[in-house]
Amino acid sequence: MMRLGCIADDFTGATDLANNLVRAGMRTVQTIGVPDDASAAQDADAVVVALKSRTTPPEQAVALSLRALEWLRAHGATQIYFKYCSTFDSTPRGNIGPVAEALMQALGADFAIATPAFPDNQRTVFKGYLFVGDVLLSESGMRDHPLTPMTDANLVRVLQAQCRGQVGLIDHRAVAAGGPALRASIDALRGAGVRIAIADAVSNEDLLRLGAAVRDLPLVTGGSGLALGLPGNFGLQPSPAAERLPAPQGQRAIVSGSCSQATLRQVRHYIQAGGAALAIDPLQLARHQDEVARALDWARPRLQEGPVLVYSTATPDAVRRAQQAVGVQRAGELVEEALAAVAQGLVASGVRQLVVAGGETSGACVQALELARLRIGPQIDPGVPWCHAAGADAAVPSLHVALKSGNFGADDFFARAFSLLC
């Protein structure tokens with residue numbers, strides 16, 4: 001029976017969360033969008049509903065999230081987890097604050113915590129400031145994100161700009177104390193009228209202490225790191241059997257739309273190691289050139305030789321040129337549509353092991369491939385597991401897929417991903 005119901009604001013974030021739940025002992029199913037029936041909740045301790053709501057208008061993100069909440073509660077979820085990116089990707093309008101407050105209202109909750117910390121991926125929160133590795137969020141590559149540039153590392157300030165209610169802070173001393181002291185800090189914030197509190201966390205131990213402290217809250221919000229501390233509240237322990245997937249088959253390919261610094265390094269490493277790669281040009285897409293056909297014509301004869309990479313990953317300057325030519329939103333849409341069509345063509349050509357880099361790109365590809373449900377398998381890098389989608393019929397083949405957040409993974413991620421699946 002489902003115990004934990006999760007709502008993720010993009011598809012890579014959903015697999016990131018599901019990965020940590022599986023590692024901590026929860027049988028987890030990820031759905032693509034809100035399910036139409038109850039089957040996803042059968043034989044699962046947790047269900048993660050993956051939405052494509054991170055960069056939609058706030059009203060749309062709220063509506064989608066409330067639909068997911070309704071389904072999760074109707075099928076047994078006793079606690080709700082709202083998952084967003086470990087770099088707190090958002091704008092002054094949202095969507096983290098508006099969605100969190102809407103979920104709180106629907107649940108009758110008077111308090112929730114918020115922490116994107118994920119130390120395994122070098123995301124830590126100290127005195128309310130988010131660090132990416134050794135630098136503040138505002139000094140990291142996220143300052144140049146094409147859709148959600150993060151120029152302020154103070155999460156209390158960032159979230160307060162999005163919320164009607166008061167935002168506070170659970171500082172590192174209270175978190176480190178854990179137990180009664182941490183719960184007393186939470187009670188004091190609630191008594192002072194704080195509705196949502198950013199929680200410091202600089203280690204996995206901090207996340208475990210926070211997980212225990214929020215056991216009785218109807219809603220918790222965070223990146224995927226906090227998920228490490230929740231399965232124990234339900235009496236669950238890690239189990240290697242939860243990671244097993246069917247044997248891989250077919251050809252291998254990578255589709256990359258992320259322009260994060262991590263993905264830039266991964267693309268560069270793959271090419272320097274001799275990997276077959278072709279770039280999609282957003283400016284050519286804007287001129288109505290058929291980049292999709294060109295990419296597929298290039299890829300098909302090479303699939304027998306090894307993995308192929310089709311990418312639009314580019315430097316911040318190149319992204320800005322494309323945005324200036326057609327507008328910020330349209331530039332992103334053109335790339336997503338093209339890479340989704342490439343993914344469709346690659347699968348139609350025999351690809352059965354597919355890596356997709358970038359949250360928005362993953363969302364577009366998963367929807368284009370009509371993947372409804374994913375079984376979570378072994379971790380490639382922190383936050384990125386292999387998944388398996390069983391084919392519903394001949395038109396929707398069985399597929400191993402890895403949905404990688406743009407900011408995640410080591411430089412050699414692409415090569416190692418396929419070696420792990422062999």
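Residues are numbered from 1 along each chain as its sequence is written, and side-chain values use heavy atoms, with hydrogens and water left out. Because the model is predicted, local features need pLDDT of at least 70 and side-chain atom pairs count only at pLDDT 80 or more, while totals for chains, interfaces and linings use all residues.

Let's start with the rings. Rings of Phe, Tyr and Trp (its six-membered ring) pair if their centres lie within 6.5 Å; planes under 30 degrees apart are stacked, over 60 edge-to-face, and the rest tilted. That rule gives six aromatic pairs. In one of them, the planes of Phe 82 and Tyr 84 meet at 75 degrees with ring centres 5.4 Å apart, so this pair is edge-to-face.

Now look at Tyr 270 and Phe 414, another edge-to-face pair, with 6.2 Å between centres and 80 degrees between planes. Tyr 270 is in helix H8 (residues 261–272) and Phe 414 in helix H14 (residues 413–421), so the pair ties together parts 144 residues apart in sequence. Helices here are DSSP runs (H or I, at least four residues), and strands are too (E, at least two), numbered from the N terminus. Both Tyr 270 and Phe 414 are buried.

And the serine? Ser 405 sits in the loop between strand S18 (399–404) and H14, and is buried at 11% relative accessible area.

Definitions and conventions
Buried < 20%, exposed > 50% of the residue type's maximum accessible area, 1.4 Å probe, protein only.
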